[in-house]
Amino acid sequence: MMKPTACPMAYFDATTGPLLSSQIQRRMIQQIGRILQGRAPNEIFEIGAMRIDLPLSISQAVYKMVALATAESKVVSDPRIRGGLPVVRGTRIGVYEIADLSKGEADDYILEQFPSLTRTLLEHAKLYASAHPLPRRKGRPDRPRPPNLRTHSISKNLLS
């Protein structure tokens, strides 16, 4: 598990880091560390024609951390409820079911189908599912069927 102070560094590294030289990238990540420890001011850096907005990057990372913590607080996994599958707190609505359904259906349709679900809880369920994906099963991966494959079933009566 990553320390909360490392999240802004990782967020900056993933979003802005690839656009920078390794030297500037390293310097900015070190600066974020100093800012989070209170040893440096949270400021915007201008290096040549480049402008690096560390306050924005840090605030976005913190916002995403808070959103995930809130989503995690709205989900419960209890072995007595649906065998321990994560559900929206206070309901029996599965988080992964909601996330799968949201891939093909509009939020309004999902909310109609689950009256106890609010738009906020729906967003929390989707965020939780994306942050905590189900482990892939072991073995061969599922292969998609060729598009024109037809299957036929033959009964024993036809074979005799």
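This section describes the helix packing, nonpolar cores and salt bridges of a predicted model.

Helix α1 spans residues 6–15, and helix α2 spans residues 22–36. Two packed helices are described by the angle between their axes and the distance between the axes. For α1 and α2, the axes come within 9 Å. They cross at roughly 155 degrees. An angle over 145 degrees counts as roughly antiparallel, and α1 and α2 are therefore roughly antiparallel to each other. The crossing of α1 and α2 is right-handed. On the α1 side, the contacting residues are Pro-8, Met-9, Phe-12 and Asp-13. In α2 they meet Gln-25, Met-28, Ile-29, Ile-32, Gly-33 and Leu-36.

Phe-12 also has a contact with Ser-57. Ser-57 sits in helix α3, which covers residues 54–73. Tyr-11 is touched by Ser-57 as well. These contacts of Ser-57 leave out residues up to four places away in sequence. The relative accessible area of Ser-57 is 6%. Buried means under 20%, so Ser-57 is buried.

The nonpolar cores come next. The largest nonpolar core holds 15 residues. Within this core, Val-88, Val-95, Ile-98, Leu-117 and Leu-122 touch the most other members. Three helices each supply at least two residues of the core: α4 (95–104), α5 (107–113) and α6 (119–131). Helix α6 gives the most, with five residues. A second core is separate and has eleven residues. Its members include Ile-24, Ile-35, Ala-40 and Leu-54.

The surroundings of Val-88 were also listed. Neighbours within four places in sequence were left aside. Val-88 is then in contact with Lys-74, Ile-93, Val-95, Leu-117, Leu-121 and Ala-125.

Charged pairs complete the description. Side chains of opposite charge can pair when their charged atoms come close. The count comes to seven salt bridges. One of them joins the side chains of Arg-80 and Asp-78, with an N to O distance of 3.0 Å. Arg-80 has a relative accessible area of 72% and is exposed. Asp-78, in contrast, counts as buried, at 16% relative accessibility.

Arg-82 forms a salt bridge with Glu-97. The closest N and O atoms of this pair are 2.6 Å apart. Arg-82 lies in the loop between β3 (75–76) and β4 (87–88), while Glu-97 lies in helix α4, so the pair ties together parts that are 15 residues apart in sequence. Both residues count as partly exposed: Arg-82 at 26% relative accessibility, and Glu-97 at 44%.

Helix α4 also contains the pair Lys-103 and Asp-100. The side chains of Lys-103 and Asp-100 meet in a salt bridge, at 3.6 Å from N to O. The two residues are three apart in the helix, so about one helical turn separates them. Lys-103 is exposed, with a relative accessible area of 70%.

Methods: Residues numbered from 1 in each chain as written. Predicted model: local features only at pLDDT ≥ 70, side-chain atom pairs only at ≥ 80, totals over all residues. Heavy atoms only, no water. Core = buried A, V, L, I, M, F, W, Y, C linked by side-chain atoms within 4.5 Å. Buried < 20%, exposed > 50% of the residue type's maximum accessible area, 1.4 Å probe, protein only. Helix = DSSP H or I, 4+ residues; strand = E, 2+ residues; numbered from the N terminus. Contact = heavy atoms within 4.5 Å. Salt bridge = Lys/Arg side-chain N within 4 Å of Asp/Glu carboxyl O. Axes fitted to C-alpha atoms, helices over the stretch in contact; angles between N-to-C directions. Parallel < 35°, antiparallel > 145°, perpendicular 65-115°, else oblique. Left-handed = near helix turned anticlockwise from the far one by under 90°.
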